[in-house]
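The sequence and the coordinates are shown first.

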2 protein chains.
Amino acid sequence: MAVTDRRKQVLASAAQSFATFGYKATTMDQVAKIANVGKGTIYTFFANKEELFDEILYGAILDMKKIADREISRDKEFFDNLYRVLDRLLEYRREHELFIKLSHEVRDFGTPQALEALDKVENVILEYMERELKLALDNKEIKPCDPKIVANVILRLYITLTTESRKSSEPLNKEEIKHYFRLFLSEGLAEVRDVTV
Amino acid sequence: MAVTDRRKQVLASAAQSFATFGYKATTMDQVAKIANVGKGTIYTFFANKEELFDEILYGAILDMKKIADREISRDKEFFDNLYRVLDRLLEYRREHELFIKLSHEVRDFGTPQALEALDKVENVILEYMERELKLALDNKEIKPCDPKIVANVILRLYITLTTESRKSSEPLNKEEIKHYFRLFLSEGLAEVRDVTV
DNA sequence: AAGTGACCGTTAATGAAAATTAGTCACTTT
DNA sequence: AAAGTGACTAATTTTCATTAACGGTCACTT
């Protein structure tokens, strides 16, 4: 069997295992078994468990970058793009088994590698937003501000709106989320008072 | 010694112990010792450890309500009041030893009673904001919205801005926080384009 | 040369014994 | 008799020694 095939075999098996069992509960013995290779073989491709995991994570992050690039349309306005891409990225994150499992692992065991992985994903999203905010600043579409801070606020806002479940009431639907998103980020909450209708 | 004195003695000792050691690490033996009463005496005033804790928590919550009422001026505008009261309340929460200890306890051990206590405090703050938002709605100071959702967003926004530390850069100063607070809640991020200057 | 799995040192799970704790109540003090 | 107490109990938590599982290696096989 060709070297690249074996490598791919290992990667596929590891991806499946990490997504099903999380970081901690995935053992190298198991990956070797699923991949139908000896354990030693894994170590000819990857220095250790963390590097194997990182490569799979990097693949998922590449997917997210592709999603963002595909979803963005330079002819549409800033807030539209922002909301749509953020929605897609977080949907991807929310629905991918690997990230679901990693979230649970952080909650239940606090596994450092799982936490680090989720942080990396968050940073990718933040970096994307920072870039877009800088473009919007150059085009004078938004008021002067620190893109880093605003990117953070926007992400937190989105997360707050999408997890508005815990206390009473069911989570907001997409239209409601979009409405509040626009209210805070674009229009502002204050009623306009000095404009004659 | 009068009954009320003994009760106060117990409360004071318990308050000190909860603030110093947290919920879990405060033992009824220790409270009795500090208060200079037999352990049985505590149980003539409080049914159990949780009720003793609740009474102390309730005291702190009363303090917060007083702070909010004192800080609010009906002649000042809505966002000014909102920001100032929120700032005072969270400063109180941030600087009171009991709440600091309880936060650590939740982080380190996940003690359910500590979590519940912090939730109660958060709810007091949310309820206060909800009330103020309803007033502002009646006065048409803010656009139509669900006060519950907006209260939540505002609290998260404040917390995001005040803990903008982890990733690089030092935390924002009060003026900066106020600036961003105003930017998102009052004015909106979008640059106004259709107004001739 | 490429691939392997038994083996190694370290870390984590297990469970039984020991210690600690919230809450009680028979007894002491006032 | 009313108020106060701390030794006691049942339940929980901590401790610790033993066992099991793990990541990573390397002498050996293919």
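Into which domains is chain A divided? The model examined here is a predicted one. In it, chain A comprises domain 1, residues 1-46, and domain 2, residues 57-187. The centres of domain 1 and domain 2 of chain A, taken over C-alpha atoms, are separated by 31 Å. Where the two domains of chain A meet, domain 1 contributes 7 residues to the contact and domain 2 contributes 8 residues.

The area buried between domain 1 and domain 2 of chain A is about 620 Å², and carbon and sulfur atoms give 67% of it. On the side of domain 1, three residues stand out: Ala19(A), Tyr23(A) and Lys24(A) supply 71% of the area that domain 1 of chain A buries against domain 2, more than any other three residues. The residues of domain 1 of chain A that touch domain 2 divide into 4 nonpolar, 2 polar and 1 charged. As for specific interactions, 0 salt bridges are counted between domain 1 and domain 2 of chain A, while 2 residue pairs in polar contact, both residues at pLDDT 80 or more, are found across this interface.

The account now turns to the contact between the chains. The size of an interface is often given as the accessible area lost when the parts come together. For chain A and chain B, the area buried between them is about 3,500 Å², with 57% of it on carbon and sulfur atoms. Each side is represented in the contact by 38 residues, from chain A and from chain B respectively.

Helices H7 (112-138), H8 (147-162) and H9 (174-187) of chain A each supply at least two residues of the side that touches chain B. The largest share of that side, 9 residues, comes from H8(A). By residue class, the side of chain A that touches chain B divides into 17 nonpolar, 7 polar and 14 charged residues.

Conventions: Residues numbered from 1 in each chain as written. Chains lettered and ligands numbered in written order. Predicted model: local features only at pLDDT ≥ 70, side-chain atom pairs only at ≥ 80, totals over all residues. Heavy atoms only, no water. Contact = heavy atoms within 4.5 Å. Buried area = accessible area lost by both parts, 1.4 Å probe. Helix = DSSP H or I, 4+ residues; strand = E, 2+ residues; numbered from the N terminus. Nonpolar A, V, L, I, M, F, W, Y, C, P; charged D, E, K, R; others polar. Domains from an automatic or database assignment. Salt bridge = Lys/Arg side-chain N within 4 Å of Asp/Glu carboxyl O. Polar contact = N/O pair within 3.5 Å; in protein donor to acceptor, adjacent residues only side chain to side chain.
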